Amino acid sequence: MITNCFAFATIMAENEDLCRGLIERVLGIEIECLDVVAVEADVPQITRRAVSCDVLARGAKTAFEVEMQVGTVKDLPRRARYIASLVDARVLAKGEPTHRLPDLFVIFICMYDPFERGLPRYTTRRCMAEDAAVACANGVTEVYVNATGDL
């Protein structure tokens with residue numbers, strides 16, 4: 001298992017097959033091909049704060065933001081929201097209609113159990129508060145992988 005986020009980002013960006021295989025395994029879907037696999041973050045300063053490295057991969061109508069978390073982060077859902085906004089701004093040209101936004105999977109590979117529920121994977125999607133059966137599909141799916149668990 002790769003636990004160095006810089007190595008993770010570099011390996012994923014330089015090996016489309018490995019990146020695609022990881023995404024397919026995490027999501028349980030098949031991806032025909034990825035058009036772009038690129039390291040998104042500059043090398044951050046190493047401090048006592050959590051360090052993350054992310055990779056943006058794009059398919060025909062889908063984008064995948066994959067981020068490794070090597071330190072415990074308490075506000076991952078808010079980080080997912082922030083990341084989704086950055087990806088949206090990057091993939092949609094100014095003046096382009098929002099219906100052209102690709103579906104987006106924000107994937108966190110965590111070296112810990114992010115919600116402390118003992119699950120190997122946690123998946124969140126938007127739904128209506130008054131009736132959880134009503135999906136409010138905005139095209140964003142967040143996936144939190146507990147690397148200490150077993151997929």
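Strand β3 (residues 62-69) is largely enclosed by the rest of the structure, because 8 of its 8 residues are buried, where buried means under 20% relative accessible area, exposed over 50%, and partly exposed in between, with a 1.4 Å probe and protein chains only. This is a predicted model, in which local features need pLDDT of at least 70 and side-chain atom pairs count only at pLDDT 80 or more, while totals for chains, interfaces and linings use all residues. Residues are numbered from 1 along each chain as its sequence is written, and side-chain values use heavy atoms, with hydrogens and water left out.

From β3, T62, F64, V66 and M68 point one way, whereas A63, E65, E67 and Q69 point the other way, and all are buried. Strand β3 runs parallel to strand β4 (residues 103-110), to which 8 bridges join it, and A63 has L104 as its bridge partner in β4. Strands and helices here are DSSP runs, of at least two residues (E) and at least four residues (H or I) respectively, numbered from the N terminus.

Turning to the helices, α1 (residues 5-14) and α2 (residues 16-27) pack at an angle of about 110°, with their axes 5 Å apart. That makes α1 roughly perpendicular to α2, a term that covers angles of 65 to 115 degrees. The contact, meaning heavy atoms within 4.5 Å, is made by F8, I11, M12 and E14 of α1 together with E16, L18, C19 and L22 of α2.

Finally, E116 is found in the loop between β4 and β5 (121-124). E116 is exposed, with a relative accessible area of 65%, and its phi is near 50°, a positive value in a residue other than glycine.

Definitions and conventions: Axes fitted to C-alpha atoms, helices over the stretch in contact; angles between N-to-C directions. Parallel < 35°, antiparallel > 145°, perpendicular 65-115°, else oblique. Pairing = 2+ DSSP bridges.
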